[in-house]
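Please look over the structure shown here, and then follow the questions and answers below.

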Amino acid sequence: MRAELLEQIYTVVAQIPEGRITTYGRIAKMTDGATARMVGSAMRHLPDGHQLPWHRVINASLKVTEHGGAVRQREKLRSEGILFDGAGRVPTECLWP
């Protein structure tokens, strides 16, 4: 992936406010050519020591994608006041932007 595209993705993610979430696809639409999969890959390969709120990025069905850090991601979201329904979805009113 081009460095410029990664930078765009990381810039968008850095702007997601606490207590809000967005999707891989929404971030992709805010860039010059990224896809939702590219955004997911960028989140998986964040450098050590980063300060990005990666946990605020979820999938299009408004659920946390199952991966090695999914439990931690849900915990971080809950600590910011994000609630999940019985199916594990985040309410649409939490969507940003």
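Q: Which residues of H1 are buried?
A: The model is a predicted one, in which local features need pLDDT of at least 70 and side-chain atom pairs count only at pLDDT 80 or more, while totals for chains, interfaces and linings use all residues. Residues are numbered from 1 along each chain as its sequence is written, and side-chain values use heavy atoms, with hydrogens and water left out. Buried here means under 20% relative accessible area, exposed means over 50%, and partly exposed lies in between (1.4 Å probe, protein chains only). By that rule, the buried residues of H1 are Leu5, Ile9, Tyr10, Val12 and Val13.

Q: Why do the buried residues of H1 line one face of the helix?
A: An α-helix has 3.6 residues a turn, so residues three or four places apart point the same way. The arc is taken from the directions from the helix axis to the C-beta atoms. Seen down the axis of H1, the buried residues line one face because they fall within an arc of 160 degrees.

Q: Which elements do the buried residues of H1 pack against?
A: Helices (H or I, at least four residues) and strands (E, at least two) are DSSP runs numbered from the N terminus, and contact means heavy atoms within 4.5 Å. On these terms, the buried residues of H1 pack against helix H2 (24–29), helix H3 (36–44) and strand E2 (57–58).

Q: With which side chain does the side chain of Glu80 make a polar contact?
A: Glu80 lies in the segment after helix H4 (70–79) and is buried, with a relative accessible area of 15%. A polar contact is a pair of N or O atoms within 3.5 Å; within protein, one must be able to donate a hydrogen and the other to accept it, and residues adjacent in sequence count only if both atoms are side-chain atoms. At 2.8 Å, the partner of the Glu80 side chain in such a contact is the side chain of His55.
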